[in-house]
Amino acid sequence: MDLSIIGSGYVGLVSGACFADVGHNVICIDNDPGKIETLRAGRVPIYEPGLEEIIHRNVSAHRLRFSGSIREGVDNSQVVFIAVPTPQQPSGDVDLSFIEKVSREIASILTTYRVIVDKSTVPVKTGERVAESIKRYNRHGAKFDVVSNPEFLREGCAVGDLMHPDRIVIGAQSEQAVDLMKKVYEPFMAPILVTDINSAELIKHAANSFLALKISYINAISAICEASGADVEKVADGIGMDRRIGRQFLNAGIGYGGSCFPKDVAAFITISEQLGVPFNLLKEVQQINEAQKDRFLKRIRETLWVLREKKIAVWGLTFKPDTDDIRSSIAIELVADMLGEGAHVVAYDPKGMEKAREVKTIGDAKFVATALEAVEGAEALVITTEWRDFANLDLSVVREKMTTPIVFDGRNLFNPETMRQLGFHYHSIGRRPVRPG
Ligand code: NAD
């Protein structure tokens, strides 16, 4: 099939590449000329494991190309996906101006039947507004259908998630659109759930909010573990072995960040209030998330006494491992907080440093080329992202390099007993701190 995707970011580019890889002809469109130029030159503007290889393979096979023109996409594809940003406004409302603009532009070009698919995460009832807008600006009176097809990929394993999805949700109101969408997804051999458009839109916000809730739930338990001397890892194992609950998303840490959870939870709170059915449980989810980072910082402060002039190494800047995405990263917030208290922060991240260097709030941090360089002479090490690279380091070398071997592990990457034996004063989340000796 001939497909186009408007918006070639984390969702649009990876989706486009995977659609091409299963045999569709895909045009990935973006209004950022630099991004299109980079892609046409064979370079990939984001880091996502396996993505570069898939893009190169499909560009060579002439199934994938890049364009700055929405017209080129609409004229040459049966199905047009929209994967533009839907950022949060200060009010908590979702900024739908990107979607609205693209809808108008598509409408003005439409000459023949097209399925317009919203893949961006949007508030329930957005599909109705998109359809109204296209109808209003549809100069040639061309037929069209609007479909909601929320995306559930996780950054860091987006290629695998797209190639082997748990489910495909198709929210549509016409059989013709459903049939075309089923053809798009047939090669993926995944379960398909067909719903109305409103339900599909709601599924995405409900799913992300539930995952955020699971994280905040275990984080709230981690605080109880710290106060009572229990071990949150054991508690999470014990809860998670119950198949009704499951172990995933029960990893205690310094909280969730990234471009989706914080914004989607905030949006769902606002949407529910606007619908007259406030979802107050989610406000608690947000509050726990914020408190988790604050508790961690308090622990750093209490242990080091004063942060001013202390050399603190930070491992991890991205919001999670295996991505270069630093949007709403708790690591960045923590670095900014510690710099604000006068600490000398020396940071390292395997993929996120290029983007982190541009963040003004952490402009005073020093960025170094390796994790070991970061700990050279450090009075404390703060671990903020659970990259495997860190887990594989020789910790005795780390200890040797540090002036005072104090570790604050915000992602429970290491075993406390091992750390104790290696001579570290080790703090983690929801587990007893250990001292050497
Ligand atoms: P992104 O910022 O990485 O990419 C969006 C792209 O759209 C950018 O390249 C931007 O230049 C382009 N764009 C903006 N306006 C445009 C226009 N008028 N014409 C053409 N291109 C335009 O964003 P993302 O992370 O890919 O997220 C996109 C949507 O998908 C959001 O609604 C997000 O909530 C949702 N989502 C994201 C993820 C994720 O993990 N990143 C997962 C599921 C859903």
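**Exercise 1. Find how far apart the C-alpha centres of domain 2 and domain 3 lie, and describe the contact between these domains.**

Solution. The C-alpha centres of domain 2 and domain 3 are 24 Å apart. The contact (heavy atoms within 4.5 Å) takes 15 residues from domain 2 and 16 residues from domain 3. The bounds, which come from an automatic or database domain assignment, are 204–285 for domain 2 and 292–427 for domain 3, while domain 1 covers 2–195.

This is a predicted model, in which local features need pLDDT of at least 70 and side-chain atom pairs count only at pLDDT 80 or more, whereas totals for chains, interfaces and linings use all residues. Residues are numbered from 1 along each chain as its sequence is written, and side-chain values use heavy atoms, with hydrogens and water left out.

**Exercise 2. State the area buried between domain 2 and domain 3, and name the three residues of domain 2 that supply 51% of its share.**

Solution. Buried area is the accessible area (1.4 Å probe) that two parts lose on being put together, summed over both. Between domain 2 and domain 3 it is about 1,200 Å², with carbon and sulfur atoms giving 50%. On the side of domain 2, I254, G258 and S259 supply 51% of the area buried against domain 3, more than any other three residues.

**Exercise 3. Give the strand order of the open sheet of six strands, and explain what is left at its edges.**

Solution. The order is 11-10-9-12-13-14, with parallel pairing; two strands pair if DSSP finds at least two bridges between them. Strand 11 (366–367) and strand 14 (425–427) each have a single partner strand, so one side of each lacks a neighbour in the sheet. Strand 9 (residues 311–315) and strand 10 (residues 344–348) run parallel and are joined by five bridges. A313 has V346 in strand 10 as its bridge partner.

Note on methods: Helices (H or I, at least four residues) and strands (E, at least two) are DSSP runs, numbered from the N terminus.
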